[in-house]
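Please read the following walk through one protein model with the sequence and the coordinates open.

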Amino acid sequence: MLAAFDAQGRFYKGNIHGHSNRSDGALSPKEVCQRYKAAGYDFIALTDHFLPVYDFPITDTRVFRSEGFSTILGAEVHAPETELGEMWHILAVGLPIDFAQTGVNETGVELAKRCVEAGAFVAIAHPQWYQLSLADGISLGCAHAIEMYNHISLVNADRGDGTELCDALLNEGKRLGCIAVDDSHWKTDDAFGGWVMVKAEENSDEALLAALKAGRYYATQGPEILHIARDGDEIVIECSPATTIMLLGKASARVNVRGDGLTSARLPLAKFSGDWCRLVVVDKGGKRAWSNPLWT
C-alpha cells in the first residue's frame with residue numbers, strides 16, 4: 001500500500017492487458033498504441049494470446065515508443081489446466097522478445113514460473129470471468145498480482161470483479177498486488193475502463209517494469225489516490241473527490257468514512273492488527289480505486 005507513495009518519481013498511467021490482431025484483437029498493434037496515446041496514457045503492454053494458433057506472438061511494440069509514451073513487451077500465456085478444466089489465462093508483462101514457446105507438456109503453473117524467471121511481472125487474469133478456484137490461485141504461487149478489475153469481463157460477461165479471490169488469497173497469506181486492466185480487444189466498447197498508476201522515476205519500460213515488481217502502483221477506474229501514509233495506528237489518505245473511503249480486511253473487518261466530495265481521511269488500523277488491509281476509494285459515479293494491501 002505504502003510503497004508507491006514512499007518512492008521517488010511520478011505516477012504514469014498504463015494499461016497492461018490488451019490485444020491486437022496479432023491474436024484475437026480487431027486492431028493492428030500500431031493502431032492500439034495510437035489510441036491509448038491519444039487517450040492520455042503514458043504506456044501500455046500489448047499482451048496477445050501466446051498460443052500456437054497465433055504462432056506464439058510476443059508482439060513487438062518497441063517501434064511505437066515515442067516521447068512521452070512507452071511500451072512493455074508481454075503476452076497472455078496459456079496452458080492446461082484449471083480446477084474446472086479450463087485453459088489457464090496468465091498475464092505476463094515484461095517478457096523477452098525471444099521467450100520460448102509453451103512446451104507440449106508444460107502446465108500453467110510451470111509456465112507462470114518460467115515467465116517470472118524470464119523477468120516478467122505475472123498476474124492472475126480475470127479470475128471471476130472463468131471462475132478460478134481458491135486452489136487455482138494458491139497453486140499460482142509465483143504471481144505478483146491479481147486483476148481486481150478486468151473491463152472486458154464486465155462488459156461482455158458481468159464478471160469483471162476479482163476481489164473475492166484476491167481477499168481469499170490474502171487470507172491464505174499470499175502477498176499479491178491489485179491491478180485494473182482493460183483486456184481490450186476492440187470489438188466492443190472495451191477500452192479505457194481500468195488501468196494502473198505506476199510510480200517510477202522515468203517513463204521507460206525498464207523503470208515501469210521494476211516499479212510493477214516492487215509494488216509501486218495502484219489500480220483504478222478513475223478515482224485518484226494522491227497519497228497514503230501511516231501515522232502511528234492510523235492510515236492517512238488523500239484522494240480525488242470521493243463519497244466513500246474505506247479499509248477492508250479479513251472476513252468482515254472494515255472501517256470507512258462517507259461524505260460528499262471527500263478528499264482526505266484518517267482511518268484506524270486497530271481492526272487489522274497482525275493481518276492485512278487494503279484501501280478502496282469510491283467516487284460519486286461508483287468508480288473505484290484500489291491500493292495494494294498493507295500487511296500490519
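Two strands are taken to pair if DSSP finds at least two bridges between them. Helices (H or I, at least four residues) and strands (E, at least two) are DSSP runs, numbered from the N terminus. The model is predicted, so local features need pLDDT of at least 70 and side-chain atom pairs count only at pLDDT 80 or more, while totals for chains, interfaces and linings use all residues. Residues are numbered from 1 along each chain as its sequence is written, and side-chain values use heavy atoms, with hydrogens and water left out.

Start with strand β1, residues 10-15. β1 and β9 run antiparallel and are joined by five bridges; in this pairing Arg-10 stands opposite Ala-200 of β9. β1 is also joined to strand β2 (residues 43-46), here by two bridges and in parallel. Asn-15 has Ile-44 as its bridge partner in β2. Burial is judged by relative accessible area: under 20% is buried, over 50% exposed, and in between partly exposed (1.4 Å probe, protein chains only). Because five of its six residues are buried, β1 is largely enclosed by the rest of the structure.

The aromatic side chains come next. Rings of Phe, Tyr and Trp (its six-membered ring) pair if their centres lie within 6.5 Å; planes under 30 degrees apart count as stacked, over 60 as edge-to-face and the rest as tilted. This rule gives 14 aromatic pairs. One of them is Tyr-36 with Tyr-41, an edge-to-face pair with 4.8 Å centre to centre and 75 degrees between the planes. Tyr-36 and Tyr-41 are both buried. Tyr-36 also pairs edge-to-face with Phe-192, at 5.2 Å centre to centre and 75 degrees between the planes. Tyr-36 belongs to helix α2 (residues 29-38) and Phe-192 to the loop between β8 (177-181) and β9 (195-200), so this pair ties together parts that are 156 residues apart in sequence. Tyr-36 counts as buried because its relative accessibility is 1%, whereas Phe-192, at 36%, counts as partly exposed. Ring pairs link Tyr-36, Tyr-41, Trp-186, Phe-192 and Trp-195 into a cluster.

Which ring lies under the charged end of Lys-13? The ring is that of Trp-195, with the charged end 4.1 Å from its centre. A charge sits over a ring if NZ of Lys or CZ of Arg is within 6 Å of the ring centre and within 35 degrees of the ring normal. Lys-199 has its charged end over the ring of Phe-11, 5.2 Å from the centre.

Now turn to His-126, in the loop between β6 (121-124) and α4 (134-139). His-126 has a relative accessible area of 4% and is therefore buried. Contact means heavy atoms within 4.5 Å. Leaving aside residues up to four places away in sequence, His-126 touches His-17, Glu-76, His-89, Glu-147, Asn-150, Ser-153 and Asp-183. With Glu-76 there is also a polar contact between the two side chains, at 3.3 Å. A polar contact is a pair of N or O atoms within 3.5 Å; within protein, one must be able to donate a hydrogen and the other to accept it, and residues adjacent in sequence count only if both atoms are side-chain atoms.

How many disulfides does the structure hold? The number is zero, where a disulfide is a pair of cysteine sulfur atoms within 2.5 Å. For Cys-115, the nearest cysteine sulfur is that of Cys-142, 8.0 Å away. For Cys-166, the nearest is that of Cys-178, 4.0 Å away. Cys-115 counts as buried because its relative accessibility is 0%, and Cys-166 is buried with a value of 0% as well.

Some backbone details remain. Most residues other than glycine have a negative phi, and most peptide bonds are trans. Pro-80 and Glu-81 are joined by a cis peptide bond, with omega about -10 degrees; Glu-81 lies in the loop between β4 (70-77) and β5 (90-93). Asp-55, not a glycine, has a positive phi of about 65 degrees. Asp-55 sits in the loop between β3 (49-50) and β4 and is exposed, with a relative accessible area of 57%. Gln-131 has a positive phi too, near 55 degrees. Gln-131 is in the loop between β6 and α4 and is partly exposed at 40% relative accessible area.
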